[in-house]
Amino acid sequence: MAAKESIGAINPFFAPVVDGVPDTYFSLWTITEEGRRDPRKVLAALEMASDQLRELGGRCRLYATMGGPADLIGVAKGPVDEGAMLALQQAIQLSGALRVVFFKSLEFTRAGYGALTKQIGKFAK
């Protein structure tokens, strides 16, 4: 079954909002030496982050990696503003068990991305 799309888009360049969730954040999570010494701190930090994100109206999935620069990759969705995500990032890092970086992303349709590249071309002149 296809995901239900909302009526409008945030911007004409962007893809229509799926499931009514306009914001998507990707994140890279690295377990620190402190977290490796005490895995309970990692679990506590993950539970705190999940609870806080839920309180902000978001949800997240974490994926364990097999190599690469991070131990986990997260995909968070929800109507969560950048300031709240920055505060959450700082709270996670204060645990000492994890380092995390969030990236806010924008989803484009193929046609919308083509229009964006034309706009970039105009600015680059």
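The model is predicted, so-called local features need pLDDT of at least 70, side-chain atom pairs count only at pLDDT 80 or more, and totals for chains, interfaces and linings use all residues. Residues are numbered from 1 along each chain as its sequence is written, and side-chain values use heavy atoms, with hydrogens and water left out.

**Exercise 1. The fold**

Task: find in what order the elements of the chain run from the N terminus on.

Solution. Start with the elements: helices (H or I, at least four residues) and strands (E, at least two) are DSSP runs, numbered from the N terminus. The chain has four helices and four strands. Reading along, the order is β-α-α-β-β-α-β-α.

Next, take contacts, meaning heavy atoms within 4.5 Å. Among those with a separation of 6 or more, 62% join residues 24 or more positions apart.

**Exercise 2. The nonpolar core**

Task: work out which residues touch the most other members of the largest nonpolar core.

Solution. Such a core is a set of buried Ala, Val, Leu, Ile, Met, Phe, Trp, Tyr and Cys residues joined through side-chain atoms within 4.5 Å. Buried means under 20% relative accessible area, with a 1.4 Å probe and protein chains only. By that rule, 29% of the 125 residues of the chain are buried.

The largest core has 17 residues, and W29, M85, L88, I92, L98 and F102 touch the most other members. Two or more residues each come from β1 (24-31), α2, β3 (72-77), α3 (82-94) and β4 (98-105). Now look closely at I92: leaving aside residues up to four places away in sequence, I92 touches W29, M48, A49, L98, V100 and F102.

**Exercise 3. A glycine in a loop**

Task: decide whether G58 is buried or exposed, and say why.

Solution. First place G58, which sits in the loop between α2 and β2. G58 counts as buried because its relative accessibility is 9%. Then list its neighbours: not counting residues up to four places away in sequence, G58 touches L53, K77, G78 and V80. The C-alpha atoms of G58 and G78 are 4.1 Å apart, although 20 residues separate the two along the chain.

Terms used:
Buried < 20%, exposed > 50% of the residue type's maximum accessible area, 1.4 Å probe, protein only.
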